[in-house]
Amino acid sequence: MTGALAVIGVWFFTHHGCLDVASHDGAVFVVYLVLSMDSLSAAASDDLADTVDYASLSTDVKAAVERDPVDLIETVAQRIADVCLLDSRVEWARVTLHKPDAPIDATYSDVALTITRTRGNAHD
């Protein structure tokens with residue numbers, strides 16, 4: 001039996017982007033995660049060791065997002081998915097990466113990319 005763990009709206013400030021304004025000035029990125037995992041063992045044991053520790057996961061995601069700048073949000077989203085799938089209890093990870101301050105010359109509310117990665121599958 002599986003459950004879905006969601007970590008919603010974690011904010012980071014970093015310098016990803018292919019335009020000078022994004023890479024130099026930086027921008028806010030917001031991460032939404034949904035992870036498929038077996039929650040039965042943790043429910044039965046009531047032991048953190050039997051589940052995905054979302055506090056530790058958030059720290060690891062922060063490190064992945066804030067390390068060396070890249071041009072594309074696709075690259076950052078893949079980094080995040082890779083971190084999520086390091087825990088063998090995670091069957092699949094859905095990562096939505098929002099860039100609400102993207103340098104777009106128009107009125108808009110958000111730019112977001114959603115990817116889903118499963119263990120052993122590197123494609124959407």
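How many helices and how many strands does the chain have? The chain has four helices and four strands, where helices (H or I, at least four residues) and strands (E, at least two) are DSSP runs numbered from the N terminus.

1. Basis of the note. This is a predicted model, in which local features need pLDDT of at least 70 and side-chain atom pairs count only at pLDDT 80 or more, whereas totals for chains, interfaces and linings use all residues. Residues are numbered from 1 along each chain as its sequence is written, and side-chain values use heavy atoms, with hydrogens and water left out.

2. Overall architecture. Read from the N terminus, the order of elements is β-α-β-α-α-α-β-β. Along the principal axes, the C-alpha atoms fill a box of roughly 50 × 25 × 25 Å. Of the 124 residues, 37% count as buried; buried means under 20% relative accessible area, exposed over 50%, and partly exposed in between, with a 1.4 Å probe and protein chains only. Among contacts (heavy atoms within 4.5 Å) with a separation of 6 or more, 58% join residues 24 or more positions apart.

3. The largest nonpolar core. A nonpolar core is a set of buried Ala, Val, Leu, Ile, Met, Phe, Trp, Tyr and Cys residues joined through side-chain atoms within 4.5 Å. The largest one here holds 29 residues, of which Val31, Leu33, Leu35, Leu57, Val61, Ile80 and Leu97 touch the most other members. At least two residues each come from strand S1 (3–14), strand S2 (27–37), helix H3 (54–66), helix H4 (73–84), strand S3 (90–98) and strand S4 (112–118). The element that gives the most is H4, with seven residues. As general background, nonpolar side chains in soluble globular proteins tend to be buried together.

4. Ile80. With neighbours within four places in sequence left aside, Ile80 is in contact with Val31, Leu33, Val61, Val65, Val95 and Leu97.

5. Packing of H3 and H4. The axes of these helices come within 9 Å and cross at roughly 150°; axes are lines fitted to C-alpha atoms, for helices over the stretch in contact, and angles run from 0 to 180 degrees between N-to-C directions. H3 is therefore roughly antiparallel to H4, given that angles under 35 degrees count as roughly parallel, over 145 as roughly antiparallel, 65 to 115 as roughly perpendicular and the rest as oblique. The crossing is right-handed, that is, the near helix is turned clockwise from the far one by less than a right angle, anticlockwise being left-handed. H3 contributes Leu57, Asp60, Val61, Ala64 and Val65 to the contact, and H4 contributes Val76, Arg79, Ile80, Val83 and Cys84. These residues divide into eight nonpolar, no polar and two charged, where Ala, Val, Leu, Ile, Met, Phe, Trp, Tyr, Cys and Pro count as nonpolar, Asp, Glu, Lys and Arg as charged, and the others, Gly among them, as polar.

6. Arg79. This residue of helix H4 counts as buried because its relative accessibility is 8%. Beyond neighbours within four places in sequence, Arg79 is in contact with His16, Ala64, Val65, Arg67, Asp68 and Val70.

7. Thr14 lies in strand S1 and, at 4% relative accessibility, counts as buried. Not counting residues up to four places away in sequence, Thr14 touches Gly26, Ala27, Phe29, Val65 and Glu66. Gly3 is also placed in S1; its C-alpha atom is separated by 5.4 Å from that of Met37, 34 residues apart along the chain. Neighbours within four places aside, Gly3 is in contact with Leu35, Ser36, Met37 and Ser39.

8. Trp92. In strand S3, Trp92 is partly exposed, with a relative accessible area of 23%. Trp92 and Ser36 are 56 residues apart in sequence, yet 5.3 Å apart C-alpha to C-alpha.

9. Loop residues. Asp46 is in the loop between helix H2 (40–45) and H3 and, at 72% relative accessibility, counts as exposed. Its phi is positive, about 55°, although Asp46 is not a glycine. Ala102, in the loop between S3 and S4, counts as buried at 11% relative accessibility. Leaving aside neighbours within four places in sequence, Ala102 is in contact with Tyr108 and Val111.
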